[in-house]
Amino acid sequence: MDGIKKRVAVIGGGIAGLTAAYYLQKEIREKNLPFECLLFESSHRLGGKLQTLVTGDGFVIEKGPDSILARKPAAKKLAEEVGMGDRIVRNATGRSYVLVDGRLYPVPEGTVMGVPTRLWPFLTTRLFSITGKLRASLDLVLPRSKMEKDQSLGAFFRRRLGDEVVDNLIEPLLSGIYAGDIDQLSLMATFPHFYDVEQKYGSLIRGMFRGGAKRPKKPGKEEGKKEGQFFTFTTGLQSFTEAIERRLMDGTVFKGVRVVKIAAGDGRYEVFLNDGERFVVDSIVLAVPHSAVPMLLKEYDFFAPLQSVPSTSVATIALAFSERDIGPVGTGTGFVISRRNVQSITACTWAHKKWPHTAPKGKALLRCYVGRPGDEEIVDLDDETIVRLVLDDLRQVMDLPAKPEFSVVTRWKDAMPQYTVGHKERLAKIEREMEIHLPNVYLAGSSYRGLGIPDCIRQGEEAAEKVIRSFRG
């Protein structure tokens with residue numbers, strides 16, 4: 001294109017790549033910069049796992065993630081920029097439960113990722129035995145970790161709070177986020193804040209009580225109902241990615257084409273597509289899964305560690321019922337399941353309670369999840385079998401009719417990258433090598449520095465900033 005001095009290719013159209021392209025093109029447009037940004041996506045839609053099914057009778061069903069953590073600002077800022085601010089809705093607050101040994105127990109009030117910030121709810125809960133509570137109290141006297149290198153989440157929490165608290169509460173809560181084995185996941189790549197709290201206060205319980213977490217307030221008359229910690233959009237998360245896409249420049253988005261190779265030479269890069277076309281670019285944002293990077297850049301052996309990073313396969317199952325046909329769920333919003341249980345499901349959200357906009361009046365919508373390390377075969381079963389297994393599990397804790405009005409099963413193969421012990425160090429080493437051998441090439445996405453939607457958006461925005469800085473010299 002005449003007048004274009006620099007060109008950047010964003011490879012991967014999930015939320016991280018979509019964000020990178022948006023912020024790059026925004027800067028180009030507003031500053032009238034002589035740059036061009038192209039976005040390549042192998043599928044025929046953008047947005048990656050952010051997929052929403054809106055039915056004709058009023059159900060709003062998320063096939064992937066269902067919400068965004070509100071305290072991380074990157075997502076809300078982007079939503080407001082692309083005109084989605086008036087569609088934001090916070091989750092309804094209510095009791096969450098843990099299923100242990102076939103019984104639902106309320107998550108003790110005031111816990112943050114399973115760590116107590118209030119003493120009385122922890123002491124009075126029946127979720128733990130007296131022995132388990134006494135073992136957790138040792139956190140108040142145990143010495144700080146002497147950590148010279150990374151450790152697993154499980155090892156850290158088991159040392160501080162004991163096996164029972166970890167197995168009955170912390171593990172089901174954290175595994176619900178990462179779909180992983182907390183005894184393999186990296187502490188410093190997932191929740192370094194807890195290590196910082198322990199180092200500062202000498203105890204997790206003492207630290208969280210004194211200031212390591214914002215403890216929820218009991219709402220008074222003047223405060224009204226407590227605001228939820230998550231948000232989504234009344235039209236679903238997919239409408240968010242569609243709003244971003246509408247802000248991209250015409251002719252700069254290539255869907256349904258796959259990048260098969262990247263070659264470096266003379267300070268620039270050649271991007272080869274599966275349809276035979278090729279583009280010469282000056283910078284690249286690789287917003288693709290970690291497993292794809294070594295395949296695109298085969299001659300660089302420093303990417304080899306990415307080939308051994310595990311990923312978990314999961315599936316979401318949405319079940320619709322008439323609200324009068326299911327057992328009472330009160331003010332609850334759902335439950336997670338300890339892996340000590342025999343159930344196939346790992347969690348269940350009563351979506352019509354947590355997100356009232358997702359179901360028509362008088363209807364109930366349940367979203368269940370299956371798939372965990374060591375138990376991923378269920379994801380490959382046919383829809384009918386998965387739904388039957390899920391219903392069998394649900395009927396152990398609630399009343400349900402013989403069949404749902406309809407069901408939606410969505411599989412995500414190798415979709416949840418596992419940040420195993422040493423993740424941050426491995427990634428830092430790879431990026432140091434990239435600075436030397438592949439300047440102006442950047443990684444962004446769920447495989448690298450955070451799985452959540454705000455984390456991916458932040459990575460996309462940061463990658464765009466790096467590209468602009470490099471172009472300006």
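Is Thr312 buried or exposed? That was my starting point today, working on a predicted model.

**Entry 1: Thr312**
I looked up the accessibility and got 2% for Thr312, so I put this residue down as buried, since the cut-off for buried is under 20%. I then checked where Thr312 sits and found it in strand β17, which covers residues 311-322. Next I listed what Thr312 touches, skipping residues up to four places away in sequence: Ala179, Gly371, Arg372, Pro373, Glu376, Trp412, Asp414, Ala415, Met416 and Gln418.

**Entry 2: helix α5**
Over to α5, residues 153-161. I noted that this helix is mostly covered, with seven of its nine residues buried. I wrote down the buried ones: Leu153, Gly154, Phe156, Phe157, Arg158, Arg160 and Leu161.

**Entry 3: a pocket**
What is the volume of the second largest pocket? I got about 240 Å³. I found 15 residues lining this pocket, with Pro116, Leu119, Phe122, Leu140 and Ile205 nearest its centre. Helices α3 (119-124), α4 (130-137) and α9 (204-212) are the elements that each give two or more residues to that lining. Sorting the lining by type, I ended up with nine nonpolar, two polar and four charged residues.

How values were computed: Residues are numbered from 1 along each chain as its sequence is written. This is a predicted model: local features need pLDDT of at least 70, side-chain atom pairs count only at pLDDT 80 or more; totals for chains, interfaces and linings use all residues. Side-chain values use heavy atoms; hydrogens and water are left out. Helices (H or I, at least four residues) and strands (E, at least two) are DSSP runs, numbered from the N terminus. Buried means under 20% relative accessible area, exposed over 50%, partly exposed in between (1.4 Å probe, protein chains only). Contact means heavy atoms within 4.5 Å. On a 1 Å grid over the protein atoms alone, a cavity is a set of points where a 1.4 Å probe fits but cannot get out, and a pocket is an open set with protein on both sides within 12 Å along at least five of seven lines; lining residues have an atom within 4 Å of a point. Grid points are joined across faces, edges and corners, and a volume is the space filled by probe spheres set on the points. Ala, Val, Leu, Ile, Met, Phe, Trp, Tyr, Cys and Pro count as nonpolar, Asp, Glu, Lys and Arg as charged, and the others, Gly among them, as polar.
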